[in-house]
Amino acid sequence: MHPILNPFFRALRWLALVVIFSLLVGCSTQKDSFVNRAYHSINAKYNGFWNARESYREGVKRLSEMHTDNYEQILSVFRYGTEQDAASVRSNMDVTYEKASLVIRRHSMNIRGTEHNKWIDESFFLIGRSHFFKRDYMLGILTFEYIIRQYDTQRKYDSKVWIAKSYNELGRYEQSLRMFEMLERNQRDGLLADETVALFRRAYADYYIRQGKYRQAAAQLEKAVTYEGSRKDRVRLTFIQAQLYHHSGDFAQAQQTFESVLGMRPDRNMAFQARIGMALAYDPSVGGLSFIRNELRQMLGEDRNRQYRDQIYYALAQLAMRDNDEAEAVRMYNNSIEASIDNDMQKGLSFLRLGEIYFAHPDYRKANIYYDSATTFLPRNYDDYEEVAARNQVLSTLAQFNRVIEREDSLQHLATLPDDQQLAVVNGIIDDLREQERIRQQEERERMQAMRDAGRTARQTRGGMGDQDRSWYFYNVNAMANGEMEFFSRFGDRPLEDMWRISNKQMMAGDFGMDFMDMGEMESQEDTLELDEYDPDTYLRNIPNTEEQMEASMNRKMRAYFNMAMVFRDQLRDLENAVSSFATVTTDFTGMELELPAFYHLYFLHREMNDFSAAEMVKDRLVSLYPDSEYAKIIGDPTYVDRLREKQNHVNRLYEESYRAFFAGRYDVISRNRQALDTLDTSREMKARFAYLHAMALGRNDDKVLFASELQYVVDNYSGTPVHEPASTLLASLDMTGMDVLASGEDGSRRSDSRPEPDPIDSPFSYSPDAVHFFVALVNTREREVSEVNGLITGFNEEAFSERELSVSSIHFEENKQLITVTNFRSKDLGMEYFEQLKDSERFDGQWPGGVEAFVISVDNYPLFYQEKDLEAYRRYFDHYYLYMGISE
């Protein structure tokens, strides 16, 4: 029988046709049938959604693994790592976004407003979380809000939690609270799954912790633990509860909760930290310090705690501080540093606590040494790192001024001796330095042998310095001794860079535009001791033997005292030392440049310290010595400063009025105000701005000759002012573009006139000028590095839009193309204003670089553009509705 006539083959053929037909029908997303739903559900779940979810899970897992816990501080409720860690999982989140978007585009069955594929809201939920972990919080919020509006599923309530988390990250706590209150009501109504409640309560606790409301946070964590499914997470949340009780002063509850942690079978490290936490939660009012101290010392003797000895010593030091035994605390902190093998965080904390002790004395020299080491060992993601680094910078600056004073004192003393005695003293210094170096190297060898496994060695106190005067600068081993071993033991593993000590120089400045010398300038005037410290000529050639050299030495010393006083007053708020340093300037450097401002600052310092009699004495001396100075006028007439300020405000009002008049076409106002300005005493920059505005007004009057003449006047007379460059550019462009430049505003940026709305065009994109807008730059990665463009945009935002707190993010668009997005702008006009200003900035110089295409897009059109990826269609739409219409006034 022919195969075609065989009944089996005929049945098989019909079955194949049915399968093919079913598959063809299944491709439709607009027919609500079982076959269609099954086809799109299966393909969505086991294809794009599965890949998106796996990429998301991998990224979140990596982020958790990179997170470092600092038990000195309250642990993070969520293990989300640092900003740098988040950047390392961006690729995972980009894949999540791309795959989930593909699922939505291909498998959404939104028929008459109802979604028939249950994996679509899951895909949107993945997209929202991918934005969150890329720290694009506003984009995430927009996605979560869409889910809440569109889908009545559990993801609706999960999205509320993630919106609240996003607002927590943004520091917008009022919006967070509103969402938490909604979730409270939802939970009472029984609408939240257990997993959602656990996440909600953790986010609520995070909300309170960020604001220092520890009791409320502990209450939320107690509720979260009830619903938390993971034992490991329950242990962690309970530990955080104990920390919160400790920080709120409830020591008994803290000890009880730490004990609960021990009963929950924690891992070894968490168990150890709980035992330490119980010890540190000791309540002085209850007693029992000796018992707790003995417990910790017993822990020191246990071999299993060998790797934790640095932390145990640190806990003993903390107990000593709470018992007001500072000497014991210092000893224990030093033991902690010596015992630390590979725990840089702990070593940094011990250095920091020692720095805080000496800073409180105050002993700024010792504090500087320990703060400097703290900044070396503490990780940059330590919560208070910026504050620690800032204080270290201040102390380092102070130490530099002290070294200048000590050095000049030593050199000036040498200058009073005969040549033979100078040489004898210098040779004695060198002999002592050689002996100190021999002792130091011997001690260093012994210490390195004892700490061979440590990797880094701690600073060690030097031996005696003999019978010589310790205040003599050249006996100061800290300043003079060199060598890699010394540097490494004192300062840690530092990068090899020049002048690391003064990498962040700070200018000391006085009133009325008087700028004082920073350390870089002071060192440039010195013959710095940078050659062989065992060569007598190194010291002899710096001795101020001539009158000019002595004057320069006195000048350096005076400036060091003055700048040191400014540091005491403005940065350390140590008014007593500030008074002492300013007083030294007025007594030891009479008639020199800084005597007058030193008197001025002394006067106000005495008044601030309520020492009015001393203030009057300083005032009398200032007025007697400098009767015609601005300082004397300020002190003698309390209204003088107010009158000066009012005069400046009047000038500012004249300019603001003129600026508004320029755009209103009232050019006579500009001429009148400029004439008024000529009668006022104002700054050169303000005069330049008026002259430039006046030139622009002449240009608007179509008087090209006068326009060019006035521009030339600005160029010739106001170099170095902000208007000089745009004036020069306009002047050069007159011959090429004629009066077209007059359509520009004062800053040279193009301003559009009022134009009628163009006729509608056929486009898939909707026109919503009042909607939220994004700026978008599409980067071809074959022609341009994304990081380069991102850096240019971020730098511009920091300079021109710092108050707007714009968010810059980048995501994968398609092969070899990356999408950089700047959010948010409240309207089309604001978005286009940013577009024009960025394009005309120095970074882009009026045109987008090769490989970059930029535009503005509304929040409504953004998802459609990303999904369809029809760049040509959006380019036509953008050109027609945005570039043609320009920016409204």
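This is a predicted model: local features need pLDDT of at least 70, side-chain atom pairs count only at pLDDT 80 or more; totals for chains, interfaces and linings use all residues.
**Exercise 1.** Determine how many helices and strands the chain has, and what share of its residues is buried.

*Solution.* Residues are numbered from 1 along each chain as its sequence is written, and side-chain values use heavy atoms, with hydrogens and water left out. Taking buried as under 20% relative accessible area (1.4 Å probe, protein chains only), buried residues amount to 47% of the 889 residues.

**Exercise 2.** Locate Phe 272 and decide whether this residue is buried or exposed.

*Solution.* Phe 272 belongs to helix H13, residues 268–280. Its relative accessibility is 4%, and therefore Phe 272 counts as buried. Leaving aside residues up to four places away in sequence, Phe 272 has contacts (heavy atoms within 4.5 Å) with Met 299, Asn 305, Tyr 308, Gln 311 and Ile 312.

**Exercise 3.** Work out the strand order of the four-stranded sheet and identify which strands stand at its edges.

*Solution.* Requiring at least two DSSP bridges for a pair, the order in this open, antiparallel sheet is S4-S5-S3-S6. Strands S4 (807–814) and S6 (852–858) each have a single partner strand, so one side of each lacks a neighbour in the sheet. Strand S3 (residues 773–780) pairs with S6 over seven bridges in the antiparallel sense, and Phe 774 stands opposite Ile 857 in S6.

Technical notes: Helices (H or I, at least four residues) and strands (E, at least two) are DSSP runs, numbered from the N terminus. Buried means under 20% relative accessible area, exposed over 50%, partly exposed in between (1.4 Å probe, protein chains only).
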